[in-house]
Amino acid sequence: MHTKTITQLVKGLRAGDYSSQELTQSYLARIKQHQALNSFITVTDEQAMAAAKQADARLASGNAPLLTGIPIAHKDIFCTQGVRTSCGSKMLDNFIAPYNATVVDKFNAAGTVTLGKLNMDEFAMGSSNETSFYGAVHNPWANNTVPGGSSGGSAAAVAARLIPAATGTDTGGSIRQPAALCGITGLKPTYGRVSRYGMIAYASSLDQGGPMTQTAEDAALMLQVMAGFDTKDSTSVEREVPDYSAGLNNSLKGLKIGLPKEFFDEGLNSDMAAAIETAVNEYKKLGAEVVEVSMPNLKLAIPAYYVIAPAECSANLSRMDGVRFGHRCTEPADLNDLYIRSRGEGFGTEVKRRILVGTYALSEGYYDAYYIKAQKIRRLISDDFNKALEQVDVIMGPVSPTPAFGLGEKTSDPIEMYLADIYTIAINLAGLPAMSIPAGFINEKPVGLQIIGNYFAEAKLLNVAHQYQQVTDWHQQTPQGFE
Amino acid sequence: MSLTADDVNKIAYLARLGIDAEDTESYAKDLSGMLDLVAQMSTVNTDNVAPMAHPLDQVQRLRIDQVNEENQRKTFQAIAPQVEAGLYLVPKVIE
């Protein structure tokens with residue numbers, strides 16, 4: 001039953017084919033069996049079995065919410081009360097969250113069963129899951145390659161069918177890129193759609209939580225739980241949540257797809273370009289029209305991101321100071337020594353790089369030249385997207401310039417790793433929603449198709465993704481050894 | 001833009017971030033690379049562009065000034081490295 005989607009499991013639970021306790025036990029056994037993937041940081045067996053028991057009682061009572069009894073797992077960036085929330089860092093290795101993230105509360109209320117916390121790049125800073133204090137995650141499609149990052153544990157666990165669905169977060173591509181590299185479906189919602197309360201902040205003006213699933217149909221069910229206004233998040237948007245499943249079967253006849261010419265220039269691997277073209281042709285068969293659009297400022301997205309994200313992270317991570325929670329050095333000589341050594345010992349190299357760049361960009365005399373300049377460029381990039389989205393319904397392109405790369409292949413050159421996020425970062429700067437869906441293979445490694453929509457057009461994206469998944473079976477393929 | 005090991009040490013102190021002496025050179029190299037990347041921003045004129053802080057240009061929400069959180073000191077201090085009598089302990093600051 002581990003290859004079943006949430007949609008199928010919901011039916012099975014209600015038909016009495018299996019109980020939530022049986023489901024939970026079976027997934028927990030798979031997690032244990034495939035420990036070598038390193039996709040989990042913490043497995044919460046006992047709590048999961050207790051929650052499953054409750055779920056079964058609720059199901060028996062006849063008025064349980066739709067997702068009652070469905071096993072899921074959270075990226076270890078979401079605070080879970082009473083359970084270690086490490087954010088992939090030594091700094092928070094001893095941090096037992098004293099409260100739940102809003103997203104976690106919402107899933108608990110929806111009756112899902114949490115099996116544990118998923119591995120990730122340290123503080124979500126990375127594109128390969130190799131910066132995690134708990135070690136790299138392996139891509140189930142090719143053991144010696146990366147699963148992508150920063151939500152690498154979430155993507156690998158869903159791809160290996162260790163869990164039917166997971167939560168992730170996306171600051172510069174951290175849901176979409178691992179989803180692409182692991183051959184699953186990932187959705188980054190519009191900025192402000194999903195509450196950031198209790199989601200450990202990396203770059204607050206870019207971070208957004210979203211679902212990682214096998215199918216678009218499942219992503220709709222997950223987003224239905226996650227989305228909504230939250231007074232505890234000052235950037236949350238007060239806006240009604242539509243029924244994300246209602247329009248999944250709408251026809252795509254007349255859908256206008258924009259292909260940004262800058263997405264298909266010389267930086268794109270030719271096999272990847274061909275794979276994306278094949279996917280777009282499938283949409284033409286479904287009745288869509290294709291138009292070329294242009295994003296003249298796209299090349300500035302990475303430079304602007306590497307000011308905004310480090311600047312915001314240097315401020316956000318200043319709360320990790322060894323005083324109130326997290327790692328503290330032994331025998332500090334004075335208060336400064338306590339700060340310096342606790343932070344020096346607690347953070348890994350990539351996090352330190354970004355804190356240093358951010359501190360520099362925000363230091364006296366540099367603020368206008370770096371942060372304000374980057375925010376102005378952010379506006380130009382956003383304007384490019386808005387202009388394109390006046391002409392088309394959705395924009396499509398690659399997620400990543402290549403399929404999964406080798407473990408250790410890019411760790412010696414951080415800049416090279418950053419450049420691989422060219423197709424995802426601009427969308428975070430604009431705050432738009434976007435998805436990655438499985439769209440084929442290159443040398444037996446999954447390829448992701450990116451679908452970008454207008455603000456709050458998540459239902460449209462899900463419809464566009466679902467229709468493709470009705471005529472293709474890329475999303476149903478399971479890596480060898482995990483069938 | 002090229003940073004020296006000295007610059008790195010200054011920035012690290014501003015961030016109260018300990019870095020090993022033998023790693024300073026490699027941070028200087030990586031940070032210089034990042035700043036070179038960032039320098040591409042100057043290729044475009046942004047004189048009349050308004051900075052964008054929130055993608056939907058939303059302003060910070062205000063609320064009525066009334067207590068809506070209860071004191072959870074015990075819960076929060078239960079995970080602190082060192083506390084005494086309800087206070088967080090740090091090395092002596094004032095002689």
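Trainee: Where is the place of Ala388(A) in chain A?

Mentor: This is a predicted model, in which local features need pLDDT of at least 70 and side-chain atom pairs count only at pLDDT 80 or more, while totals for chains, interfaces and linings use all residues. Residues are numbered from 1 along each chain as its sequence is written, chains are lettered from A and ligands numbered from 1 in the order in which they are written, and side-chain values use heavy atoms, with hydrogens and water left out.

Ala388(A) sits in helix H12 of chain A, where helices (H or I, at least four residues) and strands (E, at least two) are DSSP runs numbered from the N terminus. Ala388(A) is buried, with a relative accessible area of 1%; buried means under 20%, exposed over 50% and partly exposed in between, with a 1.4 Å probe and protein chains only. Once neighbours within four places in sequence are set aside, Ala388(A) is in contact (heavy atoms within 4.5 Å) with Val293(A), Met295(A) and Ile395(A). Leu338(A), by contrast, is 50 residues from Ala388(A) along the chain, and the C-alpha atoms of the two are separated by 51 Å.

Two packed helices are described by the angle between their axes and the distance between the axes. The axes of H11 (residues 349-362) and H12 (residues 367-391), both of chain A, come within 7 Å and cross at roughly 110°; such axes are lines fitted to C-alpha atoms, for helices over the stretch in contact, and the angles run from 0 to 180 degrees between N-to-C directions. H11(A) is therefore roughly perpendicular to H12(A), as angles of 65 to 115 degrees are called, whereas those under 35 count as roughly parallel, those over 145 as roughly antiparallel and the rest as oblique. On the H11(A) side, Tyr360(A), Ala361(A) and Leu362(A) meet Tyr367(A), Tyr370(A) and Tyr371(A) of H12(A). By class, this contact has 6 nonpolar, no polar and no charged residues, with Ala, Val, Leu, Ile, Met, Phe, Trp, Tyr, Cys and Pro counted as nonpolar, Asp, Glu, Lys and Arg as charged, and the others, Gly among them, as polar.

Around this part, chain A has 15 helices and 11 strands. Of its 483 residues, 68% count as buried, and among contacts in chain A between residues at least 6 apart in sequence, 76% join residues at least 24 apart. The C-alpha atoms of chain A fill a box of roughly 65 × 55 × 45 Å along the principal axes.
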